[in-house]
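Please look over the chain below with its side chains displayed, keeping the sequence at hand.

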Amino acid sequence: MGLRLADVLAIDAGRYLAGRHVRSVVVRAYEAILRCRTAVLGGHVARCENGHVVGVFYNGCRHRCCPRCGWGLGRRWLERRSLTLLGCGHHHVILTLPHVFNELWLPNYKLFGRILFKARSRRSRSLGRTPDILVRRRG
Ligand SMILES: [Zn+2]
């Protein structure tokens, strides 16, 4: 088996985290990845139809940042999202903010989301009405 992220974190991340102010979400991700698929989270024994032990499997942490669990969760999330896509041509718009707003965003994400989408909507409508923009798109 190759080197896993949990192996790398176990080597030195504890010391790294101890010397810094790290947000609790980061610490929770770190702890989940370290515990993932270990006896700490329990597990189960797989048996064949004759009752022979096929293998012992430890439970995953199911944390979205875990490379062993997050991939499957992400894939299932994508499958669910693909069911909600419109059945016609459309554009997917991604809105970004400078990192300086992160500390404000996290505790106020619902408010910021409403403001951001409203501002983006207004801007998109005004761009659509601007003849210069339309000419540039065609050229
Ligand atoms: Zn995991």
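What follows is a short report on a predicted model.

## The nonpolar core

The largest nonpolar core is made of nine residues, namely Ala-6, Leu-9, Ala-13, Leu-17, Tyr-30, Ile-33, Cys-36, Cys-66 and Cys-69. Two elements, helix H1 (5-18) and helix H2 (24-35), each give two or more residues to this core, and H1 gives the most, with four residues. In soluble globular proteins, nonpolar side chains tend to be buried together.

Cys-36, one of the members of this core, has contacts that reach well along the sequence when residues up to four places away are not counted: Cys-36 touches Arg-4, Leu-41, Asn-59, Gly-60, Cys-61, Cys-66, Arg-68 and Cys-69. Among these contacts, Cys-66 and Cys-69 also belong to the core.

## A nonpolar patch on the surface

On the surface, Val-45, Val-53, Val-56 and Tyr-58 form a nonpolar patch, and together they have about 370 Å² of accessible area. Strand E2, which covers residues 53-58, gives the most to the patch, with three residues.

Tyr-58, which is found in strand E2, has a relative accessibility of 41% and therefore counts as partly exposed, since that class lies between the limit for buried, under 20%, and the limit for exposed, over 50%.

## Loop residues with positive phi

Arg-37 has a phi near 55°, a positive value in a residue other than glycine. Arg-37 is placed in the loop between H2 and strand E1 (43-47), where, at 32% relative accessibility, Arg-37 counts as partly exposed.

Arg-62 likewise is a residue other than glycine with a positive phi, here near 65°. The loop that holds Arg-62 runs between E2 and helix H3 (70-82), and Arg-62 counts as exposed because its relative accessibility is 58%.

## Salt bridges

The structure holds three salt bridges. Side chains of opposite charge can pair when their charged atoms come close.

Another salt bridge joins Asp-12 to Arg-15, and here the closest N and O atoms are 2.8 Å apart. These residues are three apart in helix H1, so about one helical turn separates Asp-12 from Arg-15. Asp-12 counts as partly exposed at 34% relative accessibility, whereas Arg-15, at 63%, counts as exposed. In helix H3, Arg-75 and Glu-79 are four residues apart and so are likewise separated by about one helical turn, and their side chains meet in a salt bridge at 3.6 Å, N to O. Arg-75 is partly exposed, with a relative accessible area of 36%, and Glu-79 is partly exposed at 43% relative accessibility.

## The aromatic pair

How many aromatic pairs does the structure hold? There is one aromatic pair, formed by Trp-105 and Phe-112, whose rings are 5.8 Å apart centre to centre, with 85° between the planes. The pair is classed as edge-to-face because the angle is over 60 degrees. Trp-105 is partly exposed, with a relative accessible area of 27%.

Definitions and conventions
Residues numbered from 1 in each chain as written. Predicted model: local features only at pLDDT ≥ 70, side-chain atom pairs only at ≥ 80, totals over all residues. Heavy atoms only, no water. Phe/Tyr/Trp six-rings, centres within 6.5 Å; stacked < 30°, edge-to-face > 60°. Buried < 20%, exposed > 50% of the residue type's maximum accessible area, 1.4 Å probe, protein only. Core = buried A, V, L, I, M, F, W, Y, C linked by side-chain atoms within 4.5 Å. Contact = heavy atoms within 4.5 Å. Patch = residues over 30% accessible without salt bridge, like charges linked within 9 Å, V, L, I, M, F, W, Y side chains within 5 Å. Areas by Shrake-Rupley, 256 points an atom, 1.4 Å probe, with all protein chains shown as cover. Salt bridge = Lys/Arg side-chain N within 4 Å of Asp/Glu carboxyl O.
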